[in-house]
Number of protein chains: 2
Amino acid sequence: MGTTIRIDGDRLWNSLMELARIGATPAGGVDRQALTELDGRARALFSGWCRDVGCVMRVDPIGNLIARRPGRDDGLPAAMMGSHIDSQPTGGKFDGAYGVMAGLEVLRTLHAAGIETERPIEVVVWTNEEGARFAPSMMGSQVYAGLMDLDETLAIRDAEGVSVGEALARIGARGEPDPHGRPAAYFEAHIEQGPILEAREKTIGVVSGGQGQCWFQMTLKGRASHAGTTPMDLRSDALVGAAAVIGALNRIGRAHPPGCATSGRMLVSPNSPNVIPDSVYLTAEIRHPDDGVRAAMEAEFRAEVDAAAKANGLDVNLAKVLEQPAAPFDPACIAAVRQAARRNGYPCMDIISGAAHDAVALSRIVPTGMIFVPCAGGISHNELESAKPEDLAAGCQVLAEAVLACARVLDAEAA
Amino acid sequence: MGTTIRIDGDRLWNSLMELARIGATPAGGVDRQALTELDGRARALFSGWCRDVGCVMRVDPIGNLIARRPGRDDGLPAAMMGSHIDSQPTGGKFDGAYGVMAGLEVLRTLHAAGIETERPIEVVVWTNEEGARFAPSMMGSQVYAGLMDLDETLAIRDAEGVSVGEALARIGARGEPDPHGRPAAYFEAHIEQGPILEAREKTIGVVSGGQGQCWFQMTLKGRASHAGTTPMDLRSDALVGAAAVIGALNRIGRAHPPGCATSGRMLVSPNSPNVIPDSVYLTAEIRHPDDGVRAAMEAEFRAEVDAAAKANGLDVNLAKVLEQPAAPFDPACIAAVRQAARRNGYPCMDIISGAAHDAVALSRIVPTGMIFVPCAGGISHNELESAKPEDLAAGCQVLAEAVLACARVLDAEAA
């Protein structure tokens with residue numbers, strides 16, 4: 001390919017910091033939940049910046065906001081970048097915003113250098129990736145990819161009873177059906193939101209796909225009784241059973257790298273120091289990039305739950321509440337990311353996306369690639385979230401080169 | 001001894017049912033918390049019944065209400081019975097009330113038969129055994145036994161800011177220092193509040209003493225992170241550590257019968273399904289009738305806590321918040337209970353008092369014995385608490401004979 005364009009790391013950083021003012025929290029984070037007035041202001045800021053570099057803006061029926069830079073053959077499927085600018089209630093400056101500002105930086109770089117591409121290039125702000133105000137998460141990208149029904153999604157309401165459709169209308173983000181077809185490829189840059197790149201001292205994570213996951217809720221029911229008067233062999237202790245489940249789940253996760261297995265939420269009843277617990281509610285989730293291995297982990301988990309119930313005389317109600325298959329990314333997109341990282345000499349490694357992202361939804365319908373950069377301590381969904389300007393710049397440079405490989409640069413000066 | 005007196009099981013049952021009307025709840029239980037107006041009404045009912053059979057009533061400075069039936073040698077230390085008539089907010093008809101009504105039934109039986117004893121006989125209503133309104137529990141018996149300071153206890157306040165002293169005065173239960181010395185012995189009948197007698201099909205539990213206990217509170221601190229992006233080997237999962245502690249505590253309890261070891265209360269933070277928990281608060285208690293064994297259990301427990309913390313990269317804050325040594329009862333009192341049970345052909349067994357009782361406080365200063373009778377399913381501190389009339393009558397008969405063995409019957413007719 002051989003393009004020599006260089007993105008401007010300082011300009012990228014400044015855009016991130018300016019965007020982070022909208023919904024800035026005293027602790028240095030961002031509270032800019034989906035389809036709020038703050039989200040509307042952030043969308044307007046982004047739209048203005050994109051128009052300044054010659055883009056045409058459009059909004060689709062679920063509020064996805066798309067900046068389009070025409071290609072020489074504008075009927076070709078676009079090379080698409082994107083992420084989201086909504087945040088958690090106590091979110092950080094980089095989660096999502098980085099991918100959008102990196103896309104903007106690619107547009108600015110192309111514009112400043114006067115580079116023309118064969119395909120159009122698009123940068124998308126996906127509606128409500130976080131799912132904090134309206135559940136579920138990845139709403140805009142799932143509707144776009146046909147994974148959620150538009151009308152049902154528009155009818156979803158927040159805690160105050162406001163529907164997605166109403167909230168879209170209030171900020172002027174309820175648009176028209178997209179006149180363009182599917183893009184040729186989709187690339188998303190994102191902070192890792194995990195500790196692996198930092199621990200391994202890598203600048204670029206070449207994301208090979210999203211792991212599959214299944215979530216469970218269970219209730220273990222025993223018998224409440226006095227902790228001082230009930231002999232150990234006459235107990236039905238729901239907490240002891242739950243502890244066995246948690247321990248087993250952790251062992252199952254450790255036995256199947258790079259899979260994860262976690263209990264995050266637990267409620268004990270009656271939760272009094274000297275009463276044997278009669279009921280425990282517990283969540284469990286199992287993730288693995290290989291769906292076959294994940295199914296085996298689930299089978300082991302179910303057997304351990306049964307064994308813990310039997311050993312402690314408990315009734316179990318175990319329900320699977322979510323199942324998402326693994327989402328392997330496109331080999332050509334993965335290769336484009338890896339090659340760009342290597343070409344620039346950035347330390348890189350292949351990595352699985354542990355969290356879900358808009359890119360995972362997009363990967364169901366178009367060739368998709370993702371670029372991770374480190375964030376400090378792996379901390380995210382937290383006002384303390386931070387990332388280094390040089391890492392963010394490196395990720396943006398990789399994004400630019402991967403996208404240009406897809407869009408095909410035509411200007412001789414840049415070749 | 002050879003006395004042939006027989007208590008009247010129907011009269012005992014009717015007294016229990018009449019007392020249970022004071023504070024009766026719609027669900028069939030009792031809400032008659034300490035030093036409330038309802039407690040005052042129950043005390044007045046008891047006092048009237050005792051005066052009807054020739055007793056003199058007195059109240060001590062912490063409100064313990066004592067019925068005294070004179071002995072022929074009234075200067076001798078008394079043979080004392082007792083329990084409590086305060087209840088939990090959602091208490092049952094039998095917890096405490098049974099021991100007091102059984103003592104009353106003994107007084108009535110002696111009175112009806114015209115039996116004279118060498119020692120005086122006393123039946124005590126101990127103030128605030130439950131500790132529901134004013135903490136701690138066993139307040140009256142602990143002050144009586146010198147285990148709590150009177151003035152400090154009078155200053156303890158309830159949730160509305162009313163002090164024990166004020167509450168005593170409101171119901172006319174703030175009395176004078178007791179003119180009599182320590183009793184010769186103390187006997188208390190009580191429902192077991194556990195499942196052992198029912199499971200073993202025994203009518204009488206010959207209580208050999210109160211087990212010792214120690215209570216702990218601990219906080220395990222790890223690191224919150226994303227359940228999908230944090231590899232298993234980079235986690236500090238406080239819930240996995242807590243689960244290991246709970247499992248170990250249960251194994252320690254099972255390995256040292258008849259000891260008990262229990263975690264009853266647990267709070268997980270942030271308690272979100274896909275966030276690795278960074279903090280768990282957990283209670284633990286260890287009970288055993290042998291203080292040496294209990295100390296060994298505690299040492300094992302502490303080692304397991306340290307091991308769980310180390311294995312999961314957690315910081316631990318472990319505090320012992322209560323320690324009570326075991327309270328072995330008096331061999332002669334225990335023998336008197338066992339002999340009375342056998343004499344009547346009641347199926348009986350030796351049993352440890354798993355819960356604390358006024359008798360445990362009394363045992364620190366005078367020879368003490370206790371009689372347990374079964375309660376359905378071991379359920380107590382519950383409006384569903386129930387016991388069979390025939391078991392209650394049997395326990396009362398044993399109480400009568402054990403007390404008379406101490407008080408020495410002098411009337412030839414009863415000999």
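Chain A is split by its domain assignment into domain 1 (9–210 + 326–414) and domain 2 (212–324), with bounds that come from an automatic or database domain assignment. This is a predicted model, in which local features need pLDDT of at least 70 and side-chain atom pairs count only at pLDDT 80 or more, while totals for chains, interfaces and linings use all residues. Residues are numbered from 1 along each chain as its sequence is written, and chains are lettered from A and ligands numbered from 1 in the order in which they are written.

The C-alpha centres of domain 1 and domain 2 of chain A are 37 Å apart. Where the two domains of chain A touch, four residues of domain 1 are in contact with seven residues of domain 2; two residues are in contact if their C-beta atoms, placed from the backbone, lie within 7 Å. On the domain 1 side, the residues are two nonpolar, two polar and no charged. Here Ala, Val, Leu, Ile, Met, Phe, Trp, Tyr, Cys and Pro count as nonpolar, Asp, Glu, Lys and Arg as charged, and the others, Gly among them, as polar.

The contact between the chains takes 48 residues from chain B and 48 residues from chain A. On the chain B side, the elements that give two or more residues include α7 (196–200), β7 (212–221) and β12 (279–288). Helices (H or I, at least four residues) and strands (E, at least two) are DSSP runs, numbered from the N terminus. The most comes from α8(B), with nine residues. By class, the side of chain B that touches chain A has 22 nonpolar, 21 polar and five charged residues.

Within chain B, a pair of helices can be followed. Helix α2 (residues 37–52) of chain B packs against helix α3 (residues 97–113) of chain B at an angle of about 15°, and their axes are 10 Å apart. Axes are lines fitted to C-alpha atoms, for helices over the stretch in contact, and angles run from 0 to 180 degrees between N-to-C directions. The angle makes α2(B) roughly parallel to α3(B), a term for angles under 35 degrees. Phe46(B), Trp49(B) and Cys50(B) of α2(B) meet Val100(B), Leu104(B) and Leu107(B) of α3(B). The residues of this contact are six nonpolar, no polar and no charged.

Further along chain B, Gly292(B) lies in helix α9 (residues 291–312). Gly292(B) counts as exposed because it has 10 C-beta neighbours inside 10 Å, the limit for exposed being 12 or fewer other C-beta atoms within 10 Å, with C-beta atoms placed from the backbone. The C-alpha atoms of Gly292(B) and Ala326(B) are separated by 9.7 Å, and the two residues are 34 residues apart along the chain.

Technical notes. Angles under 35 degrees count as roughly parallel, over 145 as roughly antiparallel, 65 to 115 as roughly perpendicular and the rest as oblique. A residue is buried if 20 or more other C-beta atoms lie within 10 Å of its own, exposed if 12 or fewer, and partly exposed in between; C-beta atoms are placed from the backbone.
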